[in-house]
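I opened this entry to record what I looked up in the structure.

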Amino acid sequence: MRLERKVAFISGGARGIGAAIAKLFASEGASVVIGDILERDGIATEARIQEAGGEARFVHMDVRSESQWRHAIGTAISRYGKLDVLVNNAGISRSGSVEEMPVQTWDEVMSINNRGMFFGVKAAMPHMRTAGRGSIINVSSQFGVVGTDIADPAYVASKGAVTLFTKALAVTYAKENIRVNSLHPGPIKTPANDNLSDPERLSRVLPLVPMGRVGEAEEVAYAALYLASDESSFVTGAELLVDGGWTAI
Ligand code: NAD
């Protein structure tokens, strides 16, 4: 198995891409801890992994809180003894142009998508340093690489920040054998993106995807699996795009 004896923490793992990552990691032998604000979905994902014979724990947490991050990572350490992989996946998007967007919405997006990631790395780093190894995967977006007018500007700004935050960490921690990479999904069918089943939305999105379809959460999870595993042992600071060719145009 590709993640045998590894311990992974996945923020926003209750549903969507994070849940797909949690399930795949567990099926490849990892013990996974899921942190999310969605209690019911988190417990359901934990149960599904356990029913399939995997090892999983759900922890209720809001990524905006540094103390909740410390508690959540502490749960992984006390239960499984170490932390090999951190997937900073929790993220949100909103709507509206710069002129329409209230500052509270801007702050909310930045707070979950960027500040949450900052706290996650802060909480995980001491444990990875002690172990002398680690893999951090920061979930960005195709909009962390190119601009658009079909997503809100706070989202695009936050995902661009994830891309370069990742590279700064990759350079800083490379000598300590802690690898940090960003993962960039294109349009993926998830609860957050259920408007992809709306024909009008699809007719705007599909012409932008050379592969002519939207992706599945599992297709992103397989890319996360590569970055989490020792197969990617010389890969750090990379941007791994899973976008059906969106950014290749
Ligand atoms: P989703 O809404 O289905 O899942 C996101 C998860 O994050 C949810 O379980 C949610 O409860 C959790 N979350 C949100 N705010 C949180 C908070 N404050 N504290 C803890 N957990 C919180 O969305 P998704 O589509 O699976 O997105 C996952 C990641 O992938 C996000 O970072 C998103 O920006 C990114 N992404 C998604 C797409 C897509 O098309 N679905 C494309 C590019 C990037």
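This is a predicted model: local features need pLDDT of at least 70, side-chain atom pairs count only at pLDDT 80 or more; totals for chains, interfaces and linings use all residues.

E231 forms a salt bridge with R2, and I recorded 2.7 Å between the closest N and O atoms. I next looked up where the two residues lie in the chain. E231 belongs to the loop between α7 (217–228) and β9 (239–242), whereas R2 is in the segment before β1 (7–11). The pair therefore links distant parts of the chain, 229 residues apart.

Where does the ligand sit? I found the ligand in the largest pocket. Two elements give two or more residues to the shell around the ligand, namely α1 (16–27) and α5 (153–173).

I listed 30 residues around the ligand, of which R15, D36, N89, T190 and N193 come nearest.

Which distances separate polar side-chain atoms from oxygen atoms of the ligand? I noted 2.6 Å for D36, 2.8 Å for Y155 and 2.6 Å for T190. Finally, I looked up the covered area: the ligand taken alone exposes 820 Å², and the protein buries 95% of that.

Terms used: Residues are numbered from 1 along each chain as its sequence is written. Side-chain values use heavy atoms; hydrogens and water are left out. A residue is near a molecule or strand if one of its heavy atoms lies within 4 Å of it. A polar contact is a pair of N or O atoms within 3.5 Å; within protein, one must be able to donate a hydrogen and the other to accept it, and residues adjacent in sequence count only if both atoms are side-chain atoms. Accessible areas come from the Shrake-Rupley method with a 1.4 Å probe; for residues, only the protein chains shown count as cover. On a 1 Å grid over the protein atoms alone, a cavity is a set of points where a 1.4 Å probe fits but cannot get out, and a pocket is an open set with protein on both sides within 12 Å along at least five of seven lines; lining residues have an atom within 4 Å of a point. A molecule sits in a cavity or pocket if more than half of its atoms lie within 2 Å of its grid points. Helices (H or I, at least four residues) and strands (E, at least two) are DSSP runs, numbered from the N terminus. A salt bridge is a side-chain nitrogen of Lys or Arg within 4 Å of a carboxyl oxygen of Asp or Glu.
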